[in-house]
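This report covers a predicted model. The sequence and structure are shown below, followed by notes on selected parts.

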Amino acid sequence: GAWCALGSVKSQIGHTKAAAGAAGLIKAALALHHKVLPPTIKVSRPAPGLAPGESTFYVNAAKRPWLPPEGHPRRAAVSAFGFGGSNFHVVLEEHAAEKTAPDGDGRVQIAAFSGPEPRALLAPLDAWSERASWEETRALAARSRETFRPEDPCRLVLVLEAGRSEFAAVFRSARQRLAAGGEERAWSTPDGAHFGAGPAPGRLAALFPGQGSQYVGMLLDLGCEFPEMLEALALADRVVGPVGGRRLGALIYPPATFDREAAAANEEALRDTRAAQPALGAATSGALGVLGRFGVRPEATAGHSYGELTALFAAGRLDAESLFLLSRLRGELMAGADDGRGGMIAVRSSAAAMEAWLREESLDLVVANRNAPEQVVLSGARAEVERAAERLAARGIGHR
């Protein structure tokens, strides 16, 4: 299969002539350091020999976490061709396989302020000038985070993003809201200001999603920037092994596609329960690790359907390797169960009413899911499910 990503410095920064080799060397070294396969822009359709599936090479047109096979170090090669006939080729290998720190590029900043009461936060906001440059804004945000005290009675954080935030508007709306006073314990504005007063209203719980929430490229930026996410992806890749001939990491973050049919095929491949469930385990456990870096740790956990497994992991009842082994097994069992003999039917009814109705109708079905106070799922043999559908219709009870 295609395993070697191709890229070009020239498409990014133009022809650098004598400096082309140096530019390529810098790009390769940074790719190894950040553990990211960097994108090459301006490719709408690869040359015929480089079309997906044509060779071991592919054009990497989108950034992706670099997940090498187990026991195989990351390597990057640079080819530089000079006007005078010089031809240089150099191969680099990573110094260490582990990513040691996040790789934020500084384009997103958090300005954080705290004090004894809301109006005490106005002074630091007034110190910011609407004519401040992005570099000055970054410096202000860094200083604000150093003096921020989470235990203070009033706290305000502003999310600022280069090229996307109107910094003046964010500061202005926060200043106006604070000056207006009021008794609100918490508020947020659409442009990125978030205020809280007093102690936390309760303890923190985390709810983990089930199958159906997965999608190709999910949490891509976290995978490229944070060690915790990269570590979770790499471990899942190793423990789960290939699914349908493709590694799990390549199913979550496949090489760029250049037509809709290929993109749809990638989404379909990730919907396979054998891939979807381990993929969700990798993504959600990695995201949990990223939150932990910032001190966010749930005191209670729950999960919807497959998410019960990641909830058990978050609660410390499973280690990461067990999570991925169980995810793979659960996905395989569910894929194997689709032989046409069994079925499920969702019914608008309480569990108690359905259990009584099943006894009354002598149907060999069980209440398999209690989805909501007035919705349950019945399961059993396909023939019994079809009988239940007929009798529910005759009673006028909603079902699907």
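## Ser 11 and helix α1

Ser 11 lies in helix α1, residues 10-13; helices are DSSP runs (H or I, at least four residues) and strands are DSSP runs (E, at least two), both numbered from the N terminus. Ser 11 counts as buried because its relative accessibility is 15%; buried means under 20% relative accessible area, exposed over 50%, and partly exposed in between, with a 1.4 Å probe and protein chains only.

The side chain of Ser 11 reaches the backbone oxygen of Ser 8 at 3.2 Å. Leaving out residues up to four places away in sequence, Ser 11 touches Thr 40, Ile 41 and Lys 42, where contact means heavy atoms within 4.5 Å.

## Basis of the values

Residues are numbered from 1 along each chain as its sequence is written, and side-chain values use heavy atoms, with hydrogens and water left out. In this predicted model, local features need pLDDT of at least 70 and side-chain atom pairs count only at pLDDT 80 or more, while totals for chains, interfaces and linings use all residues.

## Nonpolar cores

A nonpolar core is a set of buried Ala, Val, Leu, Ile, Met, Phe, Trp, Tyr and Cys residues joined through side-chain atoms within 4.5 Å. The largest such core has 33 residues, of which Leu 233, Ile 252 and Phe 324 touch the most other members. Two or more residues each come from β11 (205-208), α7 (227-240), α8 (248-252), α10 (273-293), α11 (307-314) and α12 (320-336). The most come from α10, which gives eight residues.

Beyond its neighbours within four places in sequence, Ile 252 is in contact with Val 216, Gly 217, Met 218, Leu 233, Leu 270 and Ala 279. A second, separate core has 25 residues, including Trp 128, Leu 158, Phe 167 and Trp 187.

## Helix α12

Helix α12 has 17 residues and reaches 24 Å from first to last C-alpha, close to the 24 Å expected at 1.5 Å a residue; the expected span is 1.5 Å times one less than the number of residues. Its buried residues include Leu 323, Phe 324, Ser 327 and Gly 331. These four are on the same side of α12 because they cover an arc of only 90 degrees around the axis, taken from the directions from the helix axis to the C-beta atoms.

Among the elements covering the buried residues of α12 are α7, α10 and α11. The exposed residues Leu 333 and Gly 336 are on the face turned away from the buried side.

## Strands β7 and β8

Strand β7 (residues 108-115) is mostly covered, with six of its eight residues buried. It pairs with strand β8 (residues 154-161) in the antiparallel sense over eight bridges; pairing requires at least two DSSP bridges between the strands. Ser 114 stands opposite Arg 155 in β8.

Notes
Polar contact = N/O pair within 3.5 Å; in protein donor to acceptor, adjacent residues only side chain to side chain.
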